[in-house]
Amino acid sequence: MRSGRRTLLALVAAVVALGAVASCSSDPVGDENRTVTADPVIYPLSLRYHGIDVVADVPYGSDALQRLDVCLPADSAPDTTTTPTATAAASPSASAAPDAGALAEAAGGTRPAVLMIHGGSWSHGDKATAAYRAVCKYLASEGFVTFNVDYRLAPTDPFPAGLDDVRRALDWVFRPTTLSTYDVDSKRVGVFGGSAGGNLAAMLAVTDHDSTAYAEGDRIRAVVDLSGPTNLTTRSTDADGVSASFQRKQLLYLGCRTYAECPAATRASPEYHVTSDTAPFFIGHSTDEFIPMWESQEFAATLRKHDVPVTFVAVEGTAHSIAQLDEAMSKRVATFLRRHLG
């Protein structure tokens, strides 16, 4: 009788444990690896977004491509659909420094935000394409003020122009007038990128500690990188590297004729710049896509060597970048951002 009772209790415990595992399985919650299958539908494209306003083509610099769109959550105040006033440059004749209390009050937003960077092999792509606009609206529907950014493109403007631009855009987000206009909390800002945009998002994060904003206390708190190339050096030319056609695109971006003489290759590779100050990462990569999965796997290992939390999701199949965002993956991304941005 006692033996039967022990067996029953063991079965109950097993069912409870299995239920606990199942309840956690859809949304990675910590430093872990996961392999999933994906539906063939980009979930953000399948939705209708009610009450999500888009403020289009807001300048963050003087170049025609230094523009961004702002996707606003449905609960945004009416005046957040305006473009923030440019911050006046300090005048040598100014009689007094700005009041610190007034600046703090101006920058006292309440909402999390995400800077989103489109892909396109660093040479094409547009924030306003249907897919990226849908992802921007999706993140806004999940409560994030989303800044969807364009940037200068290769080969006209090779590295580091694109990286300089997205850093400029992030610094623009951290301006007191921007934070105030869009009600953004400077302590709750993350970055999101797919493909070449994933590379740029990762580069922003791994070099964040060198930025002026970081020194002033404004820093990236979470990173989503989908299919981002992370090692643009001669490693790309190995047998398991990228195709010859993509090698040519990388070299155009790097401004180099060959990998053998290309110091920019290491400078543009997130793999070589990780520090213990790097923000937590969510990395999604498909098992059979044209960016080899070892790039993200090795990058995740490097992040972990520096004690950076990583959620790594391998998606079975060929889906590249934001094509991975079926319903489950979209919710994983939103859950990750919500966890780290509050």
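Visitor: What makes S1 and S9 count as paired strands, and in which sense do they pair?

Guide: In this predicted model, S1 and S9 are joined over 5 bridges in the parallel sense; since pairing requires at least two bridges between strands, the two strands count as paired. Among these strands' residues, Val36 has Val315 in S9 as its bridge partner.

Visitor: Why are strand S1 and strand S2 said to stand at the edges?

Guide: The open sheet holds 9 strands in the order S1-S9-S8-S7-S6-S4-S5-S3-S2, with mixed pairing. Strand S1 (32–36) and strand S2 (53–59) each have a single partner strand, so one side of each is left without a neighbour in the sheet.

Visitor: How do you know that the length of helix H10 agrees with what its 13 residues should span?

Guide: At 1.5 Å a residue, helix H10 (residues 293–305) should span 18 Å, and because its end C-alpha atoms are 19 Å apart, the two values agree.

Visitor: Why is Ser296 called buried?

Guide: Ser296, which lies in helix H10, has a relative accessibility of 0%, and because buried means under 20%, Ser296 counts as buried.

Visitor: What makes the approach of Ser296 to His285 a polar contact?

Guide: The side chains of Ser296 and His285 make this contact at 2.7 Å, and the cut-off for such a pair of N or O atoms is within 3.5 Å. Leaving aside neighbours within four places in sequence, Ser296 is in contact with Gly228, Thr230, Ile283, His285 and Phe312.

Visitor: Which elements do the buried residues of H10 pack against?

Guide: They pack against helix H6 (196–206), strand S7 (223–226), strand S8 (281–286) and strand S9 (310–315).

Note on methods: Residues are numbered from 1 along each chain as its sequence is written. This is a predicted model: local features need pLDDT of at least 70, side-chain atom pairs count only at pLDDT 80 or more; totals for chains, interfaces and linings use all residues. Side-chain values use heavy atoms; hydrogens and water are left out. Helices (H or I, at least four residues) and strands (E, at least two) are DSSP runs, numbered from the N terminus. The expected span of a helix is 1.5 Å times one less than its number of residues. Contact means heavy atoms within 4.5 Å. Buried means under 20% relative accessible area, exposed over 50%, partly exposed in between (1.4 Å probe, protein chains only). A polar contact is a pair of N or O atoms within 3.5 Å; within protein, one must be able to donate a hydrogen and the other to accept it, and residues adjacent in sequence count only if both atoms are side-chain atoms.
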